[in-house]
Amino acid sequence: MTKTKTNPGNYFEDFAIGQEIRHATPRTVTEGDIALYTALYGPRFAVQSAADFAMDLGFEDMPADDLLVFHIAFGKTVPDISLNAVANLGYADGRFGVPVYAGDTIRTTSEVIGLKENSNGKTGVVYVRSRAVNQDDQMVVEYCRWVMVNKKDPASPAPEAVLPDLPKAVTPESLRLPTGLRLDKYDFQRAGSTFAWEDYEPGEKIDHVDGMTIEEAEHMMATRLYQNTAKVHFNQFEQAKGRFGKRLIYGGHIISLARALSFNGLENAFKIVAINGGTHCNPTFAGDTIHAWTEVVEKNEIHERPDLGALRLRTIATKDRPCADHPLKGDDGKYDPQVVLDFDYTVLMPRRQP
Amino acid sequence: MTKTKTNPGNYFEDFAIGQEIRHATPRTVTEGDIALYTALYGPRFAVQSAADFAMDLGFEDMPADDLLVFHIAFGKTVPDISLNAVANLGYADGRFGVPVYAGDTIRTTSEVIGLKENSNGKTGVVYVRSRAVNQDDQMVVEYCRWVMVNKKDPASPAPEAVLPDLPKAVTPESLRLPTGLRLDKYDFQRAGSTFAWEDYEPGEKIDHVDGMTIEEAEHMMATRLYQNTAKVHFNQFEQAKGRFGKRLIYGGHIISLARALSFNGLENAFKIVAINGGTHCNPTFAGDTIHAWTEVVEKNEIHERPDLGALRLRTIATKDRPCADHPLKGDDGKYDPQVVLDFDYTVLMPRRQP
Amino acid sequence: MTKTKTNPGNYFEDFAIGQEIRHATPRTVTEGDIALYTALYGPRFAVQSAADFAMDLGFEDMPADDLLVFHIAFGKTVPDISLNAVANLGYADGRFGVPVYAGDTIRTTSEVIGLKENSNGKTGVVYVRSRAVNQDDQMVVEYCRWVMVNKKDPASPAPEAVLPDLPKAVTPESLRLPTGLRLDKYDFQRAGSTFAWEDYEPGEKIDHVDGMTIEEAEHMMATRLYQNTAKVHFNQFEQAKGRFGKRLIYGGHIISLARALSFNGLENAFKIVAINGGTHCNPTFAGDTIHAWTEVVEKNEIHERPDLGALRLRTIATKDRPCADHPLKGDDGKYDPQVVLDFDYTVLMPRRQP
């Protein structure tokens, strides 16, 4: 008899500390992916929109949006890490490496860095560090995430619990700057705003004003572009019978929409360098309109770089709720039911030239 | 206190005659944009579809569709010119310059050439000439448009009225032909029709027969691709409370659909060289099916070019109404409520080789 | 009076045995088309996803998906062959030639190889062999198809019936392998599965498990990308009055979805080399969820190639019906009403290295 050929995914018992998983389907990023990313979210950051603007800053070419790279790297891990996942619990210690240009090929490998069975004996939490590299084995993005995964057999013994030590935020010292980055020719006007790093203050809250409604075709095209195969995004026949009755939107789609909306108020936040954490607070569905607002969490100088600084930001996205009053949590400390994303990340921004 | 970071747009008082506005977000056009344009509208003109067909005519490569270039150039102007606009009133004197190839970077600058406050004191009309150039500062498209813009303060004094002198149509002498254009190898059969410039007559009306239904995901992807941020196209949550209860489709989307439909009957109209004027007569919404018909307005020989001629065309698009009887206006002189576009432009067409 | 400029399409009387039709609109395939194909279907085969993976196998670059090439070649033929078609009856003897890379330009020519008027005198069957070549006149795909076409005038005399002799399946000897193909570096793990040609057996049935729901925007974008202009896919205004009340989805869209779903169980079926036959058993519409299963029909060694083999496959796609029990036909020998595709094709798969 022939063996079942389809991928059953990994269950909690299939993971072991130190295990390394080389994920399938290396992926060459092209100008086509970059154009689709623009069509799906509408980002307007000049560095990712114009080759000459980027090259004036020392990039080799127009780089792919950092989140496009993240989504592709992430998509690769789904068939091995989260096919049998119950929930995506968190991210930490995310860092972007060398820029990705059209023509670069990305592949992702994950290492299991933590395991903890839940007290119900039916599920466990798996922590992985995923690392995506280009064709020259240079890191393009790496991050930790933890997911709750079903056990195949509730009777199988629990492994020794190992919990990784994860930082609350990526430290400014460990951020990677693109090689050769220089900002002397940075054109604030063409970038869309004269506000520089100096103009932002910790505690400042920015309502990004605009709203964007999501269609089924859009989130499915995006998620397929990332070769992310999680079933809940694509199969209405199955989802119709489920808890929500409809397809769930990939959480990363909301991150990209929020980032694109944040251009209105953060025009010069020209590159994401770290993902400190993130929570998909509530599910989103086609027909929802996404708004976003951002709080400036920290300002950091960058060693020996008087020309640019880092901003640690917390961008909150909502569904069907404008953000002028900065919605977040209720009196009970729980997220407002219309808050769908709480994303903690670090961007680079030019300083006003001396 | 920190200043509001989001773009409030310009109000009528913010414009002054002679003012030059360098718009944000230069944009590198890629093969990805070109493929998306094909997927969104389905144009079949051979020059924009096949590199070798285009190069046989003297192009350096397959050029981007003229309207794709127009939409990108136009999109740049929205945050500065029409964010607070009440209505887009008209276009004139539009001319296409050097072809745009994948890899070229477009940026747009506008000059204010007219201002006239309306008698109600609440709004005014702003006339701008927008000019888009490539990375070598060569003009790729320029056009005038005028929009009705809100005043910030009805009490602010009216500026001296200045009305620009705009031509009814671009004259044949001022059309720009692509450098090195030659038509001796033009393959009528591969282009899809044996009808040449000689076969069209002023007054002739062509029903383009086919109809194309628009989906929300399509017009939003298109409009984001052009980085056009006009709020009415994207935010169903807000639009639900408005006059129509739904998202309005970017008028340029209809121009592109009408042009793609016009292939059936105008197969050899291989390049748009001028936009003489245009009216978005009625709004369109997702679910509408667009049909189109064209009247040949003028035929023009081109100086010292026995191999090609110009046709001034007027293409009319409708919603949910086939065009066999060439719908346009009612007995009251007003546009039929199903007519959504009246577009006056000039194309190049090969003449039958001697 | 000017002649009608729009394309009336060909009627049964317009075809003659031996007639050669050079179809319009040559088409340069770009990275943009490839990215759109990924976004529309989500294929994950490594050869078509990663340039370096492909080049390790001797390809010059990441090749376009074989079915993308097929759809583009096919789309060209529609205005001449099937604009007045009543039904698409079948395919046979389809063969892929040299790989298509971004930058290649495809053009299609068809030869009429069979004609048979139906007994009702109103329609007839036209058999064509369509052949698509690249800019160097190398065959990229060729296939036969037959369609039922309306007669313009039922009174016109029937031509002498000519029926072509078409093979049940493309023989292994006549398959074209990409020049320079070598499999010594084939990385099964990065390709997504360790199952090789040896692991599949004739008669084996594989349920591909996953389901994918189709949206209107998706199938229309795909079909326009292929410049396929068949009216039934695009015009809801017209279709609303028709038999189904809605737009019909291009049958090739289902073939591509089924192939993408088949990755789960056929990860190493890295290239389609032949299309032996195919039936679009029932129509599909937006909102339908597609599942698929595959039967291995034959295993074939390839002459002097101990490193790879061919599998003849039959992939069945359904709408709104999972495929765990391999649905196909009822007791009456007719296709199950939820079976929408029965596709017979041949793929290459690596053998386990000795």
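Chain A contains 8 helices and 12 strands; helices are DSSP runs of H or I with at least four residues, strands runs of E with at least two, numbered from the N terminus. The model is predicted: local features need pLDDT of at least 70, side-chain atom pairs count only at pLDDT 80 or more, and totals for chains, interfaces and linings use all residues. Residues are numbered from 1 along each chain as its sequence is written, chains are lettered from A and ligands numbered from 1 in the order written, and side-chain values use heavy atoms, without hydrogens and water.

The C-alpha trace of chain A spans about 70 × 45 × 35 Å along its principal axes. Of its 354 residues, 64% are buried (under 20% relative accessible area, 1.4 Å probe, protein chains only). Among contacts in chain A with a separation of 6 or more, 78% join residues 24 or more positions apart; contact means heavy atoms within 4.5 Å.

Helix 6 of chain A (residues 216-225) meets helix 1 of chain C (residues 31-41): the axes come within 6 Å and cross at roughly 115 degrees. Axes are lines fitted to C-alpha atoms, for helices over the stretch in contact, with angles from 0 to 180 degrees between N-to-C directions. The two helices are therefore roughly perpendicular (65 to 115 degrees). Helix 6 of chain A contributes Met220(A), Met221(A), Arg224(A) and Leu225(A) to the contact, and helix 1 of chain C contributes Ala35(C), Leu36(C), Thr38(C), Ala39(C), Leu40(C) and Tyr41(C).

Technical notes
Parallel < 35°, antiparallel > 145°, perpendicular 65-115°, else oblique. Buried < 20%, exposed > 50% of the residue type's maximum accessible area, 1.4 Å probe, protein only.
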